[in-house]
Amino acid sequence: MNVPLTLNGMKTILEVRPEESLMSVLRKQAFASVKCGCNKGYCGACTILLNDTPVASCRIPVGILKDGDIVTLDYFAGTKEYTSITQGFELAGIKLCGYCNAGKIFTAYQILKMNKVLTRKEISDQIKNLSPCCTDLQTLTNGIIWAIEINNNGYDSALRKYKKTKLVNGK
């Protein structure tokens with residue numbers, strides 16, 4: 001079956017079996033950021049953006065993707081939002097492990113693009129189903145809060161706030 005779609009900004013036609021998972025197709029295409037994890041859609045390792053929404057690619061049969069827009073973390077890494085998110089994670093002390101990055105980063109991206117101020121609890125509710133293997137959910141929430149600050153006000157502003165917070169808290 002031929003499936004026309006946009007993959008990382010390029011129109012393409014994939015020749016696939018319709019029941020094959022998008023994850024397996026992307027892995028065959030050598031997209032290193034698409035990992036094979038739980039194969040049930042929970043771990044976040046295979047997360048991609050489908051029509052600008054994070055989804056577990058292991059749960060998507062490629063046959064239904066006609067004219068879909070797919071973005072992998074490999075491609076997303078060149079965006080301003082990616083930089084804001086990874087810098088926010090760094091300020092929170094998150095060391096990206098390489099395995100579950102896509103789930104954390106694309107969930108943070110989804111929160112960033114909401115363009116509204118969320119409470120810590122609302123952010124926690126957005127990430128509660130992730131199973132990150134390299135951090136805990138509280139630290140991930142902190143990283144997303146820093147990413148929002150960086151995205152909205154720039155890294156220098158966030159760094160000044162970060163240093164001030166460290167001085168106030170004595171850490």
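In this predicted model, helix α3 goes past helix α4 in a right-handed crossing. α3 covers residues 80–92, and the two helices pack at an angle of about 110 degrees, with their axes 10 Å apart. That angle falls within the range of 65 to 115 degrees, so α3 counts as roughly perpendicular to α4.

Who does the touching here? On the α3 side you'll find E81, Y82, I85, T86 and F89, and they meet K104, I105, A108, Y109 and L112 in α4. Sort the residues of this contact by type and you get 7 nonpolar, 1 polar and 2 charged.

Now stay with α4, but look at its packing with α6. Helix α4 spans residues 101–112 and helix α6 spans residues 137–153; they pack at an angle of about 50 degrees, and their axes are 10 Å apart. These two helices are therefore oblique to each other. Their crossing is right-handed. From α4 the contact takes K104, A108, I111 and L112, while α6 brings in L140, I144, A147, I148 and N151. By type, the contact of α4 with α6 has 7 nonpolar residues, 1 polar and 1 charged.

| Helix pair | Angle | Axes apart |
|---|---|---|
| α3 and α4 | about 110 degrees | 10 Å |
| α4 and α6 | about 50 degrees | 10 Å |

Next, the aromatic rings. How many aromatic pairs does a search of the whole structure find? It turns up 4. One of them is F76 with Y82, an edge-to-face pair with 6.4 Å centre to centre and 85 degrees between the planes. Both F76 and Y82 are buried. F76 also pairs edge-to-face with Y109, this time with 4.9 Å centre to centre and 70 degrees between the planes. F76 sits in helix α2 (residues 73–76) and Y109 in helix α4, so this pair ties together parts that are 33 residues apart in sequence.

Is G103 buried or exposed? G103 is buried, with a relative accessible area of 1%. If you skip its neighbours within four places in sequence, G103 is in contact with G44, T47 and L130. For a sense of scale, G103 and V62 are 41 residues apart in sequence, and the distance between them in space is 19 Å, C-alpha to C-alpha.

Most residues other than glycine have a negative phi. N51 isn't a glycine, yet it has a positive phi of about 55 degrees. You'll spot N51 in the loop between β3 (47–50) and β4 (53–56). D67 is also not a glycine, and its phi is positive, at about 65 degrees. Look for D67 in the loop between β4 and β5 (69–71). D67 has a relative accessible area of 57%. The cut-off for exposed is over 50%, so D67 counts as exposed.

How values were computed. Residues numbered from 1 in each chain as written. Predicted model: local features only at pLDDT ≥ 70, side-chain atom pairs only at ≥ 80, totals over all residues. Heavy atoms only, no water. Axes fitted to C-alpha atoms, helices over the stretch in contact; angles between N-to-C directions. Helix = DSSP H or I, 4+ residues; strand = E, 2+ residues; numbered from the N terminus. Parallel < 35°, antiparallel > 145°, perpendicular 65-115°, else oblique. Left-handed = near helix turned anticlockwise from the far one by under 90°. Contact = heavy atoms within 4.5 Å. Nonpolar A, V, L, I, M, F, W, Y, C, P; charged D, E, K, R; others polar. Phe/Tyr/Trp six-rings, centres within 6.5 Å; stacked < 30°, edge-to-face > 60°. Buried < 20%, exposed > 50% of the residue type's maximum accessible area, 1.4 Å probe, protein only.
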